[in-house]
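Visitor: I would like to learn how to read a model of this kind. Could you take me through it feature by feature?
Guide: Gladly. Have the sequence and the coordinates open.

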Amino acid sequence: MKIQFQSLQDFMVMDGHGMYVWLAVLVSLWVLVSLVLRPLSQHRKITASIERQLQGEKIGYLSSNRRGESDAPNS
Amino acid sequence: MTSGYHSGFIAHFSRDVLLHYRRRSDLARPLVFFIITSTLVPLGVVPEPATLATLAPGIIWIIALLATLLSIENLFAEDWQDGTLEQMLISPNLLVMPILGKVAAHWLMVGLPLTLISPLIAMMLYLPAEGLLPMLLSLALGTAALSLVGAVGAALTLPLQQGGMLLALLVMPLYTPILIFGSATVQSAIDGLVWSGTLATLTAVLALAIALCPLAIIGALRLSSEY
Amino acid sequence: MTSNRKWTWFHRLGSPRWFYHKTSQWLPWLSIVTGALLITGLVWGLAYAPEDARQGNSFRIIYLHVPASVLALAGYYVMAIAGAVGLIWKMKLAYIVMRAAAPLGAALTFIALFTGAVWGKPTWGTYWVWDARITSMLILLFLYLGVLALRNAYNSYEAANKSSAILSLVGTVNIPIIYKSVDWWQTLHQPATIKFTGAPSMHPDMFAPLLVMIVGFYSFYALVLILYSRAEVLQREQKSSWVRELVTDKRDRR
């Protein structure tokens, strides 16, 4: 099994078919990478929003406690 | 009380036929659509007999398909709104029969008339004579399958506002085999080949649809009644 | 309850919390395996595999086109089976997996169609040809889009899940019929065409990297399915105590 192309130049051009092959490769890779990145960023956003919610609840709890009112722990 | 296996079928079949018949003017709509849209073909393409004859089997089938699609949207809508659907769903009887009755009624009042009017369209589009009988048979069987599969789409989009376009999008991919086998039956006959095999395949697709579509429809209707 | 112990593993499988924790352990390994397979397969196929006698170097697109097609089709079945499990056992996680499978499958179908079209130009001179495979792929894309459209049309989460599950099942039954009918339709009109994959007649040196890519794509599919599902699990279970603990733990560890 040897490498089919003599040089990087050859590899890019692929006897004239390079444009098609690399177009297909690049678009496919772009889609595949997006498929991985999207759920990861969603995950991060959801975690962040849950964190903010928890912060908000803690502050609400503390501030209502300070006033000496007993609050229901969760709404 | 005669409650045989088929009584649910006959009861809902006759009820729906009567309901359709009471609005006779509505029955003309798919037929008029069929004729008017077929007229668009020579206007949009070319009025030349040779070209139209090549296109005829497919075009006639496609327009019949669209006419069926347009008419199936409200199959369950009235029953859903006036509570008949709920009654059907909670009744202890087999639900498959009423559903098959409704769809059969739809075929009788839409699909069959489309089939019977197709020779007129065939003439306008210069369909060769050999194609006429296959056209009638394939449309008769095919529109029944189209009604069944279309009913699945109607049931799934029942609670939605403006479900019409969505219904079309959902159902069109499912229609492709029916269209392929239907128009190929006609085309084979025109080409001088044996067409009974293709017609048999279409019949098999119809049989499968009769067996399976009611299950999907029941699931979708239960869902819609809860919604 | 009869045979309770036998079914606990199955119902534990349906617990979103169990799923989340188990996949947290698997993810690193799965990512490495996926990356390794895909990179190996792609470099092998693009640079080392011998070029095709008839098609020249453009045939190398096969190393993306075929795996994407395989997974696009398999993915529809994953979606439908997940939907069926959700309908029958009313399992939340099953619906979550079904929802994840839909955009994933649609994207893979798009890759299959795009690479197929690009491959078609040097091979047949046009970007589009009504080849049986490509036409079936296009119809598959419409089936996926239909499921997505139906899901988005419903406002209620539960109703959206149930209806798209039913539609997926209807599509599943249809797919073999569609493929067979398109295949048959194609033979009517073009008796002999260059097939996109002459798999049996492929030289082993060309076939081996293809196999690697197919396995790699399966691995990729599992990876992305899990990623989407985890995000959705967090979203749906955000009010529950285990999620809150998870988030606070993560924050404290930072």
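Visitor: Of the two pairs of chains in contact, which chains share the most contacts?
Guide: Chains A and C do, of the two pairs in contact. Keep in mind that this is a predicted model.

Visitor: How is the size of an interface usually given?
Guide: The accessible area lost when the parts come together is often quoted. Here we count residues in contact instead. On one side stand 28 residues of chain A, on the other 36 residues of chain C.

Visitor: Which element gives the largest share of the side of chain A that touches chain C?
Guide: H2(A) does, with 20 residues. By class, that side of chain A holds 20 nonpolar, six polar and two charged residues.

Visitor: How many residues of chain C are in contact with chain B?
Guide: 23 residues of chain C, and they meet 21 residues of chain B. Two elements of chain C give two or more residues each to this side: helix H5 (132–153) and helix H6 (157–189). H6(C) gives the most, 15 residues. The side of chain C that touches chain B has 17 nonpolar residues, five polar and one charged.

Visitor: What separates chain A from chain B?
Guide: No contact joins chain A and chain B. Their closest C-alpha atoms lie 25 Å apart.

Visitor: Now confidence. What should I do where the score is low?
Guide: Where pLDDT is low, the predicted coordinates should not be read in detail. For chain C the mean pLDDT is 89, and 92% of its residues reach 70 or more.

Visitor: Which elements of chain C have the lowest and the highest mean pLDDT?
Guide: Helix H1 (residues 4–13) of chain C has the lowest, 67. H3(C) has the highest, 96. For the complex, the predictor gives an ipTM of 0.91 and a pTM of 0.90.

Visitor: Next, the fold of chain C. How many helices and strands are there in chain C?
Guide: Eight helices and zero strands. The C-alpha trace of chain C spans about 60 × 40 × 35 Å along its principal axes.

Visitor: What share of the contacts in chain C joins residues at least 24 apart?
Guide: Take the contacts between residues at least 6 apart in sequence. Of these, 78% join residues at least 24 apart.

Visitor: How do I describe two packed helices?
Guide: Give the angle between their axes and the distance between the axes. The crossing of H3(C) past H5(C) is left-handed.

Visitor: Which residues of H3(C) and H5(C) meet?
Guide: From H3(C), look at Ser69(C), Ala72(C), Leu73(C) and Tyr76(C). From H5(C), find Met137(C), Leu140(C), Leu143(C) and Tyr144(C). This contact has seven nonpolar residues, one polar and no charged.

Visitor: Let me try a pair in chain B. At what angle do helix H8 (residues 163–190) of chain B and helix H9 (residues 196–226) of chain B cross?
Guide: At roughly 155°, with the axes coming within 8 Å. An angle over 145 degrees counts as roughly antiparallel, so H8(B) and H9(B) fall in that class. H8(B) also passes H9(B) in a left-handed crossing.

Visitor: Which residues make the contact?
Guide: H8(B) brings Pro177(B), Ile178(B), Phe181(B), Gly182(B), Ala184(B), Thr185(B) and Ser188(B). H9(B) brings Thr198(B), Leu199(B), Thr201(B), Leu202(B) and Val205(B). The contact of H8(B) with H9(B) has seven nonpolar, five polar and no charged residues.

Visitor: Last, burial. What share of the residues of chain A and of chain C counts as buried?
Guide: In chain A, 15% of the 75 residues count as buried. In chain C, 45% of the 254 residues do. Chain A has two helices and zero strands.

Visitor: Is Ser63(A) buried or exposed?
Guide: Exposed, because Ser63(A) has 11 C-beta neighbours inside 10 Å, and 12 or fewer counts as exposed. Ser63(A) is found in helix H2 (residues 18–66) of chain A.

Visitor: How far is the C-alpha atom of Ser63(A) from that of Asp15(A)?
Guide: The two C-alpha atoms are separated by 73 Å. Along the chain, Ser63(A) and Asp15(A) are 48 residues apart.

Note on methods
Residues numbered from 1 in each chain as written. Chains lettered and ligands numbered in written order. Predicted model: local features only at pLDDT ≥ 70, side-chain atom pairs only at ≥ 80, totals over all residues. Contact = placed C-beta atoms within 7 Å. Helix = DSSP H or I, 4+ residues; strand = E, 2+ residues; numbered from the N terminus. Nonpolar A, V, L, I, M, F, W, Y, C, P; charged D, E, K, R; others polar. Left-handed = near helix turned anticlockwise from the far one by under 90°. Buried ≥ 20, exposed ≤ 12 C-beta atoms within 10 Å, placed from the backbone. Axes fitted to C-alpha atoms, helices over the stretch in contact; angles between N-to-C directions. Parallel < 35°, antiparallel > 145°, perpendicular 65-115°, else oblique. pLDDT = per-residue confidence, 0-100.
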